[in-house]
Amino acid sequence: MTETAALAIEGLHKSFDGLEVLKGIDLEVREHEVVCVIGASGSGKSTLLRCINLLEPVNAGRVLIEGEEITARGVDVNRIRQHVGIVFQAFNLFPHMTVLRNVTLGPIEALGTTKGEAHALATELLERFGLVDKRDDYPDRLSGGQQQRVAIVRALAMKPDVMLLDEVTSALDPELVAEVLNVIRELAAGGMTMVIATHEMGFARDIAHRVCFLDEGVILEEGVPEQIFSSPRQERTQRFLQSIIDAGRM
Amino acid sequence: MIGGQAPGEFEGLPGGGSTPPTGDRGSKILAPLKAEGAGGVAIAVVSTVVVFGLIAFAVLTSSGWPAIKELFFDPTIFWDSLSKIMEKFSRNVFIFVVAEVFVLILALILAVMRSLRGPVFTPLRILAAAYTDLFRAVPTILVILLLGFGAPALQIKGVPHSDIFWAIVALVLVYSAYVAEVYRAGIQSVHPSQVASARALGLSRGKTMRFVVVPQAVRRVLPPLLNDFIGLQKDSALVGVLGYQEALRQAQITSAAEFDFTPYVALALVYIVITIPEARFVDWLVARDQRRRQAAGGV
């Protein structure tokens, strides 16, 4: 590699109470690249994403963002997280704040942006994703799809270098999935660097530059979507994809 | 640090961590009537009148009633003693209002101290836990006696001699221990995913507490906070043990002078009358918060 990777993971290990969830992950993501991580429930997808912005402390290995090792001692985690946006399966909006406040809290309180600037940026983003009329609503009033789009906007308002999306459509009613996926497509088209853990295989095939199949804590197979979905080399990948096809999800 | 949690713990169902507490569920005694229609309402009215009428009849015609009326419900003594009691009750109001302000602040500090994660904060956690253990265990009246008589007896320069000062300090110390536990329950009821998403935005621990955890916690514990406020209100009467002339002392004096218990009844009524609006106020606060969160935007 000549240029610095947007995100580099080297030999990442993570255990919970002796149970090893990640057993040595190596992954490089280039700038503007979209990497989809697929795999069965419990394979470690969520944990991997949570380690990347240090929501989970890692046991061994290194994570580098734009060449800076964030797993090193003495690194200011708050500053690192400001550059790495994460969107959760369960939206996790702040229920006691309006949509606008949800989106501006990070910029104002973590980045020190002025109120006026933060509001302007939030309004611009909400407008872009068709949510501007919801800006004074509380999250309880919104549909799941709208809440998740607000959560994406909340992460974008921090102007992150990398976005991590953790099964962002898994908690949605089927008819609401498309609106969220379209937002992500738009982000990809805009050149956002993303790591996406997903069960939406069609979507992954469509949007990913590269797909990683995570199995029992290791990346068992990775490649371009064409190769992974059409001619997977590993038997376990074949079985996983077959089970998705059998469930009628691909 | 958030570490050490099982990976699945943050991934509660959507809204799992944000379900609004339904504060006034079951508090509306008359609500079931709505579904009953006119017939049901009529039955409710008749049965209520009959039951309460029978109770009143039984009490008023019992052989002991004239004596009870004279000793507990003498109208002349009631009105005469009430004005004196009300005058002294203003002192109680001063005591519990001032104490409550400090209780709410000190208790929040204690609860936050105890909720801090990380090995560095171990001494603070121990301190907060020890404080709660200590002041929740000791009888309030004992703390009032100890400080009210003990602290001035030290005769140290700069230490106030006022009994009322030390009485308020004692009430603040005791009630902060209770209220800290109420706050702590509220803080713990905020789903860890809320903390995770605040930290993910790059907010520090302190700001996560301030903007995300505490505001949600306080909203949830408003009804139990009121409980403790009412307790404090009532315990302001304990200050009388220092010889301080507050409302209960006044009732006692009038009662002794008149050979009659009506002044006590009058004071009891004063407590009841001020407590009921407080309860309705908190119900209203909880309902308003819920309405606001579920109402369309634009205000």
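Me: Over how many bridges do β4(A) and β5(A) pair?

Reply: Residues are numbered from 1 along each chain as its sequence is written, while chains are lettered from A and ligands numbered from 1 in the order in which they are written. Helices (H or I, at least four residues) and strands (E, at least two) are DSSP runs numbered from the N terminus, and two strands pair if DSSP finds at least two bridges between them. For β4(A) and β5(A) the pairing is antiparallel, and the number of bridges is 2.

Me: Which residue in the turn between β4(A) and β5(A) has a positive phi?

Reply: Leu64(A) has Glu69(A) in β5(A) as its bridge partner. The two strands form a hairpin with 2 residues between them, and the turn residue with a positive phi, about 50 degrees, is Glu66(A).

Me: In what order do the 4 strands of the open sheet stand?

Reply: Strand β1 (residues 7-16) of chain A runs antiparallel to β2(A), joined by 8 bridges, with Leu12(A) opposite Ile25(A). β1(A) also pairs antiparallel with β4 (residues 60-65) over 5 bridges, where Glu10(A) has Arg62(A) as its partner. With antiparallel pairing throughout this open sheet of chain A, the order is β2-β1-β4-β5.

Me: Which strands stand at the edges of that sheet, each with a single partner strand?

Reply: The order in this open sheet of chain A is β2-β1-β4-β5. An edge strand here has a single partner, so one side of it is left without a neighbour in the sheet; these two are β2 (19-29) and β5 (68-69) of chain A.

Me: Which are the edge strands of the open sheet of 6 strands in chain A?

Reply: This open sheet has mixed pairing and the order β6-β7-β8-β3-β9-β10. Its neighbouring strands are turned by 20 degrees against each other on average, direction ignored. One of its pairings is parallel: 4 bridges join β6(A) to β7 (residues 162-166) of chain A, with Val87(A) partnered by Leu165(A). The strands that pair on one side only are β6 (84-87) and β10 of chain A.

Me: What is the bridge partner of Cys212(A) in β10(A)?

Reply: β9 (residues 210-215) pairs in parallel with β3 (residues 34-38) of chain A over 4 bridges, and there Cys212(A) is the partner of Val37(A). β9(A) also runs antiparallel to β10 (residues 218-223) of chain A, with 5 bridges. These two strands form a hairpin with 2 residues between them, where Glu216(A) in the turn has a positive phi of about 50 degrees. In β10(A), Cys212(A) is partnered by Glu222(A).

Me: Is the crossing of α5(B) and α6(B) left-handed or right-handed?

Reply: Helix α5 (residues 140-153) and helix α6 (residues 163-189) of chain B pack at about 140 degrees with their axes 8 Å apart; axes are lines fitted to C-alpha atoms, for helices over the stretch in contact, and angles run from 0 to 180 degrees between N-to-C directions. A crossing is left-handed if the near helix is turned anticlockwise from the far one by less than a right angle, and right-handed if clockwise. The crossing of α5(B) with α6(B) is right-handed.

Me: How many Å separate the centres of domain 1 and domain 2 of chain B?

Reply: Chain B is divided into domain 1 (32-61) and domain 2 (74-294), with bounds from an automatic or database domain assignment. Taken over C-alpha atoms, the separation of their centres is 38 Å.

Me: Over which residues of chain B does pLDDT stay under 50?

Reply: Chain A averages a pLDDT of 93, and chain B has a mean of 87, with 89% of its residues reaching 70 or more. Where pLDDT is low, the predicted coordinates should not be read in detail. In chain B, the stretch with pLDDT under 50 is residues 1-24.

Terms used
Predicted model: local features only at pLDDT ≥ 70, side-chain atom pairs only at ≥ 80, totals over all residues. pLDDT = per-residue confidence, 0-100. Contact = placed C-beta atoms within 7 Å.
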